[in-house]
Every structure is written in structure tokens, then in C-alpha cells.
Amino acid sequence: MRAFQILIDGFAISALYALGATGFTLIFGVSGVLNLSHGAIMVAAAVAAWAAASVLGVGTYAGALIGVGVALLAAFATYFAVVKPIQDSRRIPNEEREIFVLTGTLLWGIMIQELIAYFFTNNAKTVLPIVEGVVDVLGVRTPKNEIFTAIVCCLVIALLWLLVNRTRTGKAVLAASMNPRGVTLLGLELTNIYIVVWGIYGILAGIAGVLLGMFLGVSSYSVGPLTASAFSIVVLGGLGSVSGSLIAAFVVGYLETLTAYLVSPAYRTIPALLLLVFVMYIRPQGLLGRR
Amino acid sequence: MAGFFTSRLFFVSLALVIVAATLPLYVSGYVLGLLTVAFYFGVFAMAWDLLFGFAGEVNFGPTFLIGVGAYTAGILNAQFGWSVYLCIVLGALASVIAGLVLALPALRVRGPYFGLTTLVAVLMLQNFIVVFADLTGGEIGLTIPDVITINAGANYWIALGFMTISAAILYGLSQSPVGLVLQASGQDPVQAGALGFNIVKHKLAAFIVSAFFSGLSGALLVFYFGTASVGTVVDVAVGVNVIVSAVLGGRRTVLGAALGAIFLIVAGEFLRPTGELATFIVSAVALLVVLFFPGGFLGAALSREARS
């Protein structure tokens with residue numbers, strides 16, 4: 001009984017983590033950018049969906065769409081206002097670009113977080129779920145919303161897989177992650193590929209944020225922990241490896257759920273952190289990473 | 001090095017320190033209290049700059065070193081009633097040990113991977129403090145019975161003196177041959193190693209020095225506040241402030257980091273009337289500096305001097 005509960009809850013949380021981390025790892029793989037405003041973009045999506053549905057009353061579906069749209073805009077803003085100027089700047093030495101992107105996106109994330117706190121307060125907000133009610137799965141009373149979350153996450157990840165592996169644009173993205181210079185030699189504009197990737201990222205982060213808002217609720221305080229969890233999942237799986245992140249998301253998700261149910265919810269993040277440190281020592285490039 | 005004592009930077013710093021030392025004679029205790037905290041923060045930022053600017057190690061967890069020093073000193077004083085000075089020294093030593101622990105992964109992994117390890121170290125420390133709440137005071141914070149002094153002027157002079165001495169040592173170190181080797185090994189470890197320098201030894205030394213000053217400053221700060229809490233010395237947000245200070249002031253300048261820290265804390269106070277927007281404005285200014293003056297305040301000033 002409890003085993004099934006852990007299995008079901010763990011799956012939903014893991015799927016959500018996977019969706020959140022996929023966009024993050026995609027950007028790193030293609031353009032080498034670690035976007036530390038990730039958590040802020042997810043929370044912005046959730047809060048926008050909440051505001052649209054609960055305050056303006058446009059309905060749950062339109063609210064969710066607005067949330068994803070806001071995340072898309074925020075992702076483009078991050079790219080054009082912060083990341084691109086740093087990448088193009090001639091005054092920043094090449095070997096330090098990484099730390100500048102990290103600092104820049106971190107500050108950008110704090111700005112988004114503070115704006116959300118200013119206009120919508122720090123209170124936790126729960127987005128109205130699209131499907132309501134409870135259903136009995138293997139003897140466990142499960143909210144339908146939890147099943148919906150898991151299904152949407154899996155569908156979106158499958159769509160992403162199709163997009164990357166089966167379409168021309170996707171193949172260009174894949175090629176850019178392998179060899180950016182080779183792609184430019186083939187006559188493809190690298191900036192266009194980056195824009196596509198940031199767009200995909202925005203949509204993924206938006207969906208993940210809105211689902212998170214329906215499933216667990218968010219507040220401006222969740223920004224830091226969300227970024228940290230995406231970062232650790234991605235490093236655990238190997239930076240830039242999408243399949244690695246998927247595996248890592250499930251490892252972390254189940255580890256947290258197991259700890260929360262069997263030991264104490266207060267300790268839920270500790271085993272995952274220990275595992276991360278352990279993996280870094282024996283396999284610094286992560287589970288499926290290339291050096 | 002000899003050229004430094006005749007350089008403009010030296011005279012400007014000397015004049016600034018002298019002016020700062022006379023402040024208790026004519027400003028209020030409130031301003032002194034603010035600057036006292038800013039000076040301790042300045043040492044955090046300079047210690048961080050030594051690791052990042054020179055050793056090339058992206059340390060996302062400056063608060064791991066600070067927090068270990070601060071909490072060790074605080075716990076020893078609160079639980080065993082040992083004297084303040086002994087606790088401060090032991091806090092700094094505990095921080096050095098923490099620095100060695102942090103150095104172990106640094107010798108194996110690089111760049112973002114190391115950055116994440118340091119971030120995890122902070123989160124672990126935070127969890128540890130909450131789990132062992134009996135010892136550490138948990139989320140509420142640890143109340144410390146003793147303080148160094150309650151005189152605002154004396155506290156201010158201690159902080160100023162401590163920051164000046166730390167700045168002199170850290171800056172001297174960064175300009176010494178050791179500092180140059182460190183810089184070389186941060187930029188290209190393979191080539192620096194091929195030139196016959198022992199990179200491992202130099203990096204370990206950088207971690208020890210950085211940890212020592214972070215821990216010492218953290219311990220002093222705790223005895224100034226009379227309390228140690230996650231929100232003031234461990235939280236990731238505190239670490240972010242340290243990093244932003246160093247980048248704002250100009251990385252790889254050491255002294256700039258202290259300027260950045262003082263600016264950040266004073267600006268935060270000036271913007272207090274704007275309420276919740278204060279952090280937003282400070283972050284926005286910091287982002288603009290990062291985008292348009294990547295060298296930071298001091299970096300921009302120094303390069304203009306070099307050009308003229």
C-alpha cells in the first residue's frame with residue numbers, strides 16, 4: 001500500500017523534475033549556458049497562470065496558456081537582455097564568459113523574483129488544477145491532477161524527443177550541440193539556432209512551472225531551491241546529456257519521496273545531496289556526461 | 001611590489017583608511033553599525049576574490065567557509081563558555097579545515113562541476129544546522145552570550161582594522177610571486193604545471209588562506225551581532241551577495257571586492273525607503289555593471305589610469 005503510494009507520488013514528482021531539467025540541460029548542451037534564472041522563470045509562469053485564472057478569471061486552460069506564454073517571453077528576455085550581450089561582449093575575456101553568464105543570469109533571476117514578490121507578495125500560490133477530483137489507483141487515493149501532471153510531462157518530453165531527432169530544425173540543434181563551428185560552415189545561422197533553443201526552453205520551463213503550481217504550489221521563495229534542484233539533476237546526469245538528466249530526475253525524485261515517506265519530510269533533500277557529492281567524487285562528469 | 005608604495009592606488013587607499021578611521025568622531029552609531037557589517041562583508045568578498053580571481057575556482061559557496069567559522073565560534077562560546085578570543089581563533093581554524101574539505105573536489109573537478117559541489121556544501125551545512133537544532137539553534141538562530149564590546153566606535157575600529165590588515169595581506173599575496181603562479185595555474189593549469197610549478201600546493205594554499213580569512217571574519221561578525229543564524233551567515237543569498245560584491249568591485253583586484261561589498265550594503269540601506277524594491281534595484285545596478293563595465297568599479301578605474 002505504502003509502496004504503491006511512494007511509487008505513484010515519486011513518479012509524478014520525478015516527471016516534473018525531468019521536465020524542468022530538460023530545458024536547462026538543452027541550453028547548456030547547445031550554447032554552453034548555465035541559466036541560473038531558471039527557477040525564477042518557472043515561478044513567473046506559475047504565478048502568471050495563477051493571476052490569470054484566479055484574479056482575472058479567464059479560466060484554467062487560458063490561464064495555463066498565459067503562464068507558458070509568460071515563461072516564453074521571460075526566456076527570450078533572458079537571452080536577448082543578459083546572455084547575448086555577454087556572449088558578444090569584447091571586453092570580457094573568453095575564459096571568463098562562463099562566470100559572467102552565471103553571475104548575470106543569477107542577478108536577472110533575483111530581479112524577476114523580487115518583481116514577483118513586489119506585485120504578488122511572497123505568499124504561496126496554488127494554480128487552479130485543470131482536472132479535479134480523486135481517483136483510486138492500486139488502492140491509493142491519488143488526485144487526478146497528479147496523474148495529469150505525470151502524463152503531460154511524459155508527453156512533452158516525448159514530443160521534444162521527436163522534435164530533436166526527427167525534424168530538420170531539431171537536427172540543426174543537435175548538430176550545434178556537437179560542433180557549433182561545423183554548423184556555421186554548413187551555412188546555418190548559429191544565432192537562429194540559439195533563439196529556437198531558448199524558445200523550446202521557455203515553453204518547457206513554462207509547462208513545468210504551471211504544472212508545479214497546480215501540483216505543489218509556488219511562492220517567490222521557491223526560486224532558489226528550483227534552480228538548485230535543476231542544476232543538481234543536470235550535473236548528476238551529466239551536463240548537456242538529455243537522457244542523463246531524465247535518469248537523474250527519476251533517481252532524485254524517488255530518493256526524495258522515499259526519504260519523505262520513510263524517514264521524515266524534513267530530511268527529504270539530504271540523501272540526494274549526499275548522492276550528488278558521491279557521484280562527483282567517483283565520476284565527476286556525471287552519469288552519462290562526456291568530458 | 002616596491003612600486004606599489006609609490007603608486008596612486010596606495011595613496012588613495014591610505015587616504016580612504018585614514019578618513020574612515022576618523023568617522024566615529026562625527027557620525028551616528030547607526031552609520032557606524034552599518035559600516036561595521038560592511039567591513040566584515042568586505043573581507044568575505046576579498047577572500048572570495050582570491051579563490052576566484054586568482055586560483056580560478058568558481059566558489060558558489062563562500063558561506064560554507066564563513067558559516068563553519070561563525071557557527072564553530074558561536075557554539076563553542078554558547079555551549080562551553082570559552083573566551084571570545086579563543087572561540088574566534090578556533091572558528092578560523094575550523095574554517096581552514098572546511099577549506100581543505102572543499103579543496104579536495106576542486107583538485108578533481110573544474111568549472112561548473114566544482115561550482116555545484118560548493119553549492120551543495122552550503123546546502124548540506126544548512127541542513128546540518130537545522131537537523132542538529134539542539135546544538136546550533138536551528139532555524140531560529142544561536143544566541144551568543146558574549147560579545148567583544150558593546151561600544152559602537154570600538155566595534156567599528158576593530159572591523160576597520162581587521163579589514164585593512166586582511167586587505168594588506170591578501171593584496172600583498174596576490175601581487176607576490178605566489179599570487180602570479182596562482183593566477184597562471186587558474187588560467188592554464190597544464191601550462192603552469194609544465195613550467196615546473198606545483199599547482200596542487202598553490203591551490204591548496206589559496207583555499208587555506210581564503211578559508212582562514214572567511215572564517216575569522218565570520219567569527220568576528222557573530223560576536224558583533226551576538227547571534228548566529230542561517231539567514232545572516234549561511235544562506236545562499238548571503239553567498240550571492242559576496243559574489244556580486246566581488247564582481248561589482250572588479251574581480252582579480254582584491255581591493256575592489258571590499259569596495260563592492262561596502263557599496264552593496266550601503267546602497268541597500270539607502271534604498272530601504274523603496275521597501276521591497278531595494279533588492280531589485282541593487283540587482284539591476286549590479287547587472288548593468290556586469291554587462292557594461294565587466295571589469296567592475298576598480299577594474300574600470302585602473303584600466304583608465306593605465307591608458308593615461
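Predicted model: local features only at pLDDT ≥ 70, side-chain atom pairs only at ≥ 80, totals over all residues.
**View 1. Helix H1 of chain A, its length, its kink and its surroundings.**
Helix H1(A) comprises residues 2-31 of chain A, and at 1.5 Å a residue its 30 residues should span 44 Å, which agrees with the 43 Å that separates its end C-alpha atoms. Within this helix there is a kink of about 25°, which is centred on Ala21(A). Of the 30 residues of H1(A), 21 are buried, so the helix is largely enclosed by the rest of the structure. Just after H1(A) comes Gly32(A), a residue that takes a positive phi of about 70°.

**View 2. The crossing of helices H6 and H8 of chain A.**
Two packed helices are described by the angle between their axes and the distance between the axes. Here helix H6 (residues 168-178) and helix H8 (residues 190-215), both of chain A, have axes that come within 10 Å and cross at roughly 110°. Because angles of 65 to 115 degrees count as roughly perpendicular, H6(A) and H8(A) are described as roughly perpendicular to each other. On the side of H6(A) the contact is made by Thr169(A), Ala172(A), Val173(A) and Ala176(A), and these residues meet Leu190(A), Ile193(A), Val196(A) and Val197(A) of H8(A). Sorted by class, the residues of this contact between H6(A) and H8(A) are seven nonpolar and one polar, with no charged residues.

**View 3. The surroundings of Gly99 in chain B.**
Gly99(B) lies in helix H4 of chain B, which covers residues 84-106. This glycine counts as buried because it has 27 C-beta neighbours inside 10 Å, where 20 or more are required. When neighbours within four places in sequence are left aside, Gly99(B) is in contact with Leu65(B), Phe207(B), Ile208(B), Ser210(B) and Ala211(B).

**View 4. The contact between chains A and B, seen through the residues of chain A.**
The contact takes 35 residues from chain A, while chain B provides 31 residues. On the side of chain A that touches chain B, at least two residues each are supplied by helix H3 (60-88), helix H4 (97-120), helix H9 (223-237) and helix H11 (270-282) of chain A. H4(A) gives the most to this side, with 14 residues. By class, the residues of chain A that touch chain B divide into 25 nonpolar, six polar and four charged.

Notes. Residues numbered from 1 in each chain as written. Chains lettered and ligands numbered in written order. Contact = placed C-beta atoms within 7 Å. Helix = DSSP H or I, 4+ residues; strand = E, 2+ residues; numbered from the N terminus. Nonpolar A, V, L, I, M, F, W, Y, C, P; charged D, E, K, R; others polar. Buried ≥ 20, exposed ≤ 12 C-beta atoms within 10 Å, placed from the backbone. Axes fitted to C-alpha atoms, helices over the stretch in contact; angles between N-to-C directions. Parallel < 35°, antiparallel > 145°, perpendicular 65-115°, else oblique. Expected span 1.5 Å × (residues − 1). Bend = angle between axes of the 7 residues up to and from the residue.
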